[in-house]
Amino acid sequence: MTRRIRFNAFDMNCVAHQSPGLWRHPEDQSHRYKELSYWTDLARLLERGRFDGLFIADVLGTYDVYGGNDIAALRDGAQIPVADPLLLVTAMAAVTEHLGFGVTTGTGFEHPFPFARRLSTLDHLTGGRVGWNVVTGYLPSAARNLGADDQLDHDDRYDQADEYLEVLYKLWEGSWEDDAVVRDAERGMYVDPAKVHHIGHRGRHFTVPGIHLSEPSPQRTPVIYQAGASPRGVRFAAENAEAIFVAAPSKRVLAQTVSRIRDALEAAGRDRYAARIYALATLVTDATDETARAKHEEYLSYASVEGGLVFMSGWMGIDLSRYDLDDPIGDVESNAIRSAVAAFQEFDDDGRAWTVRDIGRWAGIGGMGPVFVGSGETVADRLQEWVAETDLDGFNLAYAITPGSFEDVVRHVVPVLTARGAYAAEHAPGTLRHALFGAGDRLPPGHRGASYRVGGANSTVLPETVSRPGAIAIDSR
């Protein structure tokens with residue numbers, strides 16, 4: 001049986017995203033990130049290509065590990081300037097019917113109470129097509145700009161995120177019963193107060209005593225996305241995520257990562273396939289292999305080696321500006337860099353020793369994932385090969401230029417995969433969760449969040465927390 005491949009588009013409300021320097025290409029339109037028409041046109045394109053969704057990354061700081069400052073990041077447009085991702089969603093939802101939207105926000109920089117309302121609002125306005133990419137933060141510059149000396153320690157960030165999710169599950173799943181909104185004109189009752197519950201949360205990081213401000217949205221809890229790669233991050237994803245993004249430059253590394261995640265899902269009491277796993281990749285494709293290779297070489301001529309090193313320095317916490325571009329990678333004092341490059345080298349047939357320049361060149365198009373180059377048939381072959389050999393669900397597709405890279409995928413790759421029965425011939429109806437799993441709009445019973453529903457194992461509904469009809473709120477200011 002041919003295995004289905006799923007696509008997400010990977011973008012960010014900024015210039016160039018993961019391909020620094022490509023903003024200089026005459027066909028790149030990423031500078032239009034400030035225009036709604038850029039985003040609505042992209043949404044229409046992705047809907048036509050039957051993508052699962054548009055995944056929008058975000059950062060709340062600059063990449064300032066390289067050189068110890070943000071000068072190179074600014075010069076190369078390395079995810080700066082950057083704007084808010086959430087404000088894009090309603091405009092794109094208005095011009096599409098099926099496309100999902102995964103938006104990134106951090107658990108360390110906003111209180112969960114107002115955030116819960118913001119996501120419920122988006123879920124209402126999109127008809128249930130919203131997902132949330134949970135990030136705990138990794139840029140020290142973001143923490144400093146919000147009043148802290150640095151990020152919390154790695155595992156402490158996940159402990160805080162665990163409680164953040166607990167608060168949100170209580171608000172989204174347990175505060176309002178499904179039939180709380182009655183709209184009874186005869187009794188003069190819009191909401192039945194007996195069916196709206198204070199969550200009474202008091203924890204280490206957050207105190208939230210009251211009710212959720214929004215009535216239940218189509219999904220209640222948006223689809224939970226996560227991209228943690230560490231052991232603690234994988235455990236967090238296994239307990240919460242429904243879509244998991246990974247970045248691995250080779251099939252060998254990817255297969256190990258996917259297996260580890262599926263094992264963790266089982267260890268968390270869920271099915272091995274309870275989460276869709278998408279791998280980062282960039283597709284450079286055209287009508288023939290020759291024209292695709294020429295296109296790739298053209299893109300490489302615009303890519304910024306310095307910009308790639310800015311990203312790699314930020315992702316790995318190592319200031320690569322301290323090394324000469326032609327220094328061999330063996331001189332870089334980092335096991336993380338060495339292990340990553342060992343995986344990168346699997347794409348090289350000549351077995352040459354990599355230099356710091358090679359690292360920057362690699363990251364200059366698409367970041368930490370592989371770049372597949374060829375005709376639609378050639379690229380489809382590679383994608384099917386990777387899915388078959390890694391147990392992957394699909395790909396999170398970065399771009400070299402935008403929207404050109406996505407247009408090429410829709411024009412050259414999607415028809416080939418569709419003809420082979422490896423890609424959906426039409427959109428699944430309904431909410432994003434139902435489109436991904438075909439099992440309804442709400443969290444499944446085995447998910448952690450479902451236990452916070454009224455009557456669930458972690459329900460917070462107590463007699464003294466039930467709102468009373470006729471209660472009057474007094475403003476004591």
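Mentor: In strand S13, leucine 397 stands opposite alanine 9. The model is a predicted one, in which local features need pLDDT of at least 70 and side-chain atom pairs count only at pLDDT 80 or more, while totals for chains, interfaces and linings use all residues. Residues are numbered from 1 along each chain as its sequence is written, and side-chain values use heavy atoms, with hydrogens and water left out.

Alanine 9 also has leucine 54 of S2 as a bridge partner. Strands and helices here are DSSP runs numbered from the N terminus (strands E, at least two residues; helices H or I, at least four), and two strands pair if DSSP finds at least two bridges between them. By that rule S1 (residues 6-12) and S13 are parallel, with four bridges, and S1 is also parallel to S2, with five bridges. S13 has a further parallel partner in strand S11 (residues 276-286), to which five bridges join it; there, tyrosine 278 is the bridge partner of glycine 394.

Burial comes next. Buried means under 20% relative accessible area, exposed over 50%, and partly exposed in between, with a 1.4 Å probe and protein chains only. S13 (residues 394-398) is largely enclosed by the rest of the structure, because five of its five residues are buried.

Most residues other than glycine have a negative phi, and most peptide bonds are trans. Arginine 50, in the loop between H1 and S2, has a positive phi near 60° and is buried, with a relative accessible area of 18%. Alanine 16, in the loop between S1 and helix H1 (36-48), has a positive phi of about 70° and counts as buried at 2% relative accessibility.

The loop between S13 and H14 contains proline 403, and the peptide bond from threonine 402 to proline 403 is cis, with omega near 0°. Helix H14 (residues 404-419) has 16 residues and reaches 23 Å from its first C-alpha to its last, close to the 22 Å expected at 1.5 Å a residue; the expected span is 1.5 Å times one less than the number of residues. H14 bends by about 40° at valine 413, and proline 415 follows within four residues. The bend is the angle between axes fitted to the seven residues ending at a residue and the seven starting there. The buried residues of H14 include Phe406, Val409, Val413 and Leu417.

Valine 416 lies in this helix and counts as buried at 12% relative accessibility.
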